[in-house]
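Hi,

Here is the structure I promised to pass on. Have a look at it first, and then read my notes below.

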Amino acid sequence: MLLRQLEYLVALARERHFARAAAACYVSQPSLSAAIRKLEHELDVPIVRRGRRFEGLTPEGERVLLWAHRILAERDALGHELSAMRDGLAGTLRLGAIPTALTAASLLTTPFVERHPRTRVSLDSLSSREIAQRLAAFELDIALTYLDDDSLGLVRRSPLYEERYLLLTPLDGPMAGRPAARWAEIAELPLCLLSPQMRNRRIMDEYFAAEGVSAVTPAIETDSVAALYAHLTAGHWSSVISHAWLHMFGVPDGMRVIPLEHPAHGPRVGLVIADRSPGSVLARALLETAREAGVREALDRLLDTYLYPADPPGDSG
């Protein structure tokens, strides 16, 4: 069995098409097909369900695919370990992040690459479910997500910060002069929120419900933090944001942020890696960077800057 055969199998499972898999591996389709058939012969099991086109993997093929991911991941981990011993850390760190944590990712990736200039980072925006699947399939080295998510499976967790929720509202709106806001009050505002399939929104809905709001009906819903902010710049809508979003987007002109009375701290966000050994040397290096990056402190300072500015909005000095 050659590692190249396993690479072909992984590509075929990913592309679900022989020609596309061959192109991704820079080989001809007959060469890829012959290598897969040879792998089936060597293992003495059918791997691919064949018809006029690729129809998926057999149960045996799914098992072989799992081992292929594991073997190739350990091959890569060995290469990274030896490279680090010889010339310093090198390679591509595969990092997944839930969309609502992407705004804080640069607080980790920038110092990581500065510390290890021969590395690269491949950063993907993924749902919590996709993160769990790709960690289990050896397709991610590490992920940035909610730590209390039961769907993550067997992972090691490293906390970074707790979400703090803020009302972002126009300066001429009814809540702008308030020192703090309650969830029940802001439910009556014209709102732009993330859509219900987003974990962040479901957390917020729990807080609305705790104050007697059985259902909140935003005028605009989106699955993108960037799209949410794009609507807020119009100056008509209010929104509930995580303080981590301030790192990337700040507070649009003509708006202010107001703290919500509870909870004092929301769910924890942090880094997770699959609970296996020896694991990715690149992931371990990012965890080491995270311990020194002071993400929680950086976000708290940013929060204080916007909540208690030296020159409050509307203050002419």
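Let's start with a term: two strands pair if DSSP finds at least two bridges between them. The helices (H or I, at least four residues) and strands (E, at least two) are DSSP runs, numbered from the N terminus. Please keep in mind that this is a predicted model, where local features need pLDDT of at least 70, side-chain atom pairs count only at pLDDT 80 or more, and totals for chains, interfaces and linings use all residues. Residues are numbered from 1 along each chain as its sequence is written, and side-chain values use heavy atoms, with hydrogens and water left out.

**The three-stranded sheet**

Strand β7 (residues 165–170) pairs with β10 in the antiparallel sense, over four bridges. If you want to find that pairing on screen, go to L166, whose bridge partner in β10 is I241. The two strands belong to an open sheet of three, ordered β10-β7-β11, with antiparallel pairing. β10 (239–242) and β11 (255–259) are at the edges with a single partner strand each, so one side of each has no neighbour in the sheet. From one strand to the next, the twist averages 35°. For angles, axes are lines fitted to C-alpha atoms, for helices over the stretch in contact, and angles run from 0 to 180 degrees between N-to-C directions.

Two helices go with this sheet. Helix α8 (residues 199–210) packs on it, touching β7 and β10, and its direction makes about 90° with that of β7. Contact here means heavy atoms within 4.5 Å. Helix α12 (residues 295–307) lies across β7 and β11 and runs at about 115° to β11.

**The five-stranded sheet**

There is also an open sheet of five strands, in the order β4-β3-β5-β12-β6, and its pairing is mixed. Here β4 (119–125) and β6 (155–162) are the edge strands; each has a single partner, so one side of each is left without a neighbour in the sheet. Ignoring direction, neighbouring strands of this sheet are turned by 25° against each other on average. Within it, β3 and strand β5 (residues 142–146) pair in the parallel sense over three bridges, and A97 has L144 as its bridge partner in β5. Helix α11 lies across β3, β4, β5, β6 and β12 (268–274), at about 65° to β3.

**Helices against helices**

Helix α5 (residues 106–115) and helix α11 (residues 281–293) cross at roughly 110°, and their axes come within 9 Å. They are therefore roughly perpendicular to each other (that label covers 65 to 115 degrees; under 35 is roughly parallel, over 145 roughly antiparallel, and the rest oblique). Among the residues making this contact are L107 and F112 of α5 and L282 and A285 of α11.

Helix α1 (residues 3–15) and helix α3 (residues 29–43) also pack at an angle of about 110°, with their axes 9 Å apart. That makes α1 roughly perpendicular to α3. The contact includes L6 and L9 of α1 and L32 and I36 of α3.

Where is T100 placed? T100 is in the loop between β3 (91–97) and α5. T100 is buried, with a relative accessible area of 3% (buried means under 20%, exposed over 50%, partly exposed in between, with a 1.4 Å probe and protein chains only). Leaving aside neighbours within four places in sequence, T100 is in contact with Y146, E163, L194, N200, V225 and W245.

Cheers
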